[in-house]
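Here are my notes on the model, as numbered points.

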Amino acid sequence: MRVKVCGMTQLQQVNQLEQIGAAFAGFIFYPKSPRYVLRYMTTTDLRKENRINKVGVFVNAGMDEVLQMVDECRLHMVQLHGDETPKYCEKIADYVSVVKAFRLSDNDSIEWMIRPYQEVCDMFLFDTIGAGYGGTGKKFDWSILKDVDVGKPYFLSGGIEPGDEAAIREFEKQPSAKSLFALDINSKFETSAGVKDMVKVEHFIKTLNA
């Protein structure tokens, strides 16, 4: 199982990710986030990092800003976590792989939400809805994906924490999990905002893939 560790802010920790088995590092380019990466690292720092797949997370950013960061930081894909339209996603996807995030509540019609984006995005990400655009650190009810034909590889996000390995293995048995591409972890593996507990991250990844 691939794991994306999101909200990275510490260069030393980014350098450890590949070694402990993570597949992706997520960098948040949203100034209102406590994990806003450019508060901690420079674009040069990010550009030089080439041992892990780099995902830039943007929220309702201007297209020029996104493409500039893709170039300056040599991002491998972008995660669009705001209210981006299908047309906007399509234009970005002409340039770099696009992951469109959807913030879900238990009553959402997921197929209706994702349909306009099917032809214009490379992957989806499912997260828990909250008051703002950032992660809530809370889980949504994964069973709402049970009968959904997602039709794209997707990241499962939202409050995943140490100890969830058995529940994730159970989820993987569902038909909807055939498109599950990776897990997205963040705040439940931190000692403070943007600072990961790398021992917990490593243990999670190893237990998941044992």
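1. Start at Lys100. Its charged end sits over the ring of Tyr117, 5.7 Å from the ring centre. Bear in mind that this is a predicted model. There is another such contact to look at: Lys4 lies over the face of Phe155, at 5.9 Å from the ring centre.

2. Which residue forms an aromatic pair with Phe102? The partner is Tyr117; the pair is edge-to-face, with 5.4 Å centre to centre and 80° between the planes. Phe102 belongs to strand E5, whereas Tyr117 is in the loop between helix H5 (110-114) and E6. The two are 15 residues apart.

3. Phe102, Tyr117, Phe124, Phe126 and Tyr154 are linked by ring pairs into a cluster. Across the whole structure, a search finds 11 aromatic pairs. One of them is Phe24 with Phe181, a tilted pair at 5.8 Å centre to centre and 55° between the planes. It bridges distant parts of the chain: Phe24 is in strand E2 (residues 24-28), Phe181 in strand E8 (residues 180-185), and 157 residues separate them. Both Phe24 and Phe181 are buried.

4. Now strand E6 (residues 123-128). Of its 6 residues, 6 are buried. In a regular strand, side chains alternate between the two faces of the sheet. Here both faces are covered: Met123, Leu125 and Asp127 are buried on one side, Phe124, Phe126 and Thr128 on the other.

5. What are the strand partners of E6? E5 (residues 97-104) is joined to E6 by 6 bridges, and the two run parallel. Strand E7 (residues 154-156) is joined to E6 by 3 bridges, also in parallel. Phe126 stands opposite Phe102 and opposite Leu156 in E7.

6. Leaving aside neighbours within four places in sequence, its contacts include Phe102, Leu104, Ile110, Ile114, Phe140, Tyr154 and Leu156. Ser157 is also among them.

7. Finally, the cores. The largest nonpolar core has 59 residues, and Val78, Phe126 and Phe204 have the most contacts inside it. Helix H7 (residues 198-208) gives the most to this core, with 5 residues. Another core lies apart from it, with 11 residues, including Val55, Val99, Ala101 and Leu125.

Conventions. Residues numbered from 1 in each chain as written. Predicted model: local features only at pLDDT ≥ 70, side-chain atom pairs only at ≥ 80, totals over all residues. Heavy atoms only, no water. Core = buried A, V, L, I, M, F, W, Y, C linked by side-chain atoms within 4.5 Å. Buried < 20%, exposed > 50% of the residue type's maximum accessible area, 1.4 Å probe, protein only. Helix = DSSP H or I, 4+ residues; strand = E, 2+ residues; numbered from the N terminus. Contact = heavy atoms within 4.5 Å. Pairing = 2+ DSSP bridges. Phe/Tyr/Trp six-rings, centres within 6.5 Å; stacked < 30°, edge-to-face > 60°. Lys NZ or Arg CZ within 6 Å of the ring centre and 35° of its normal.
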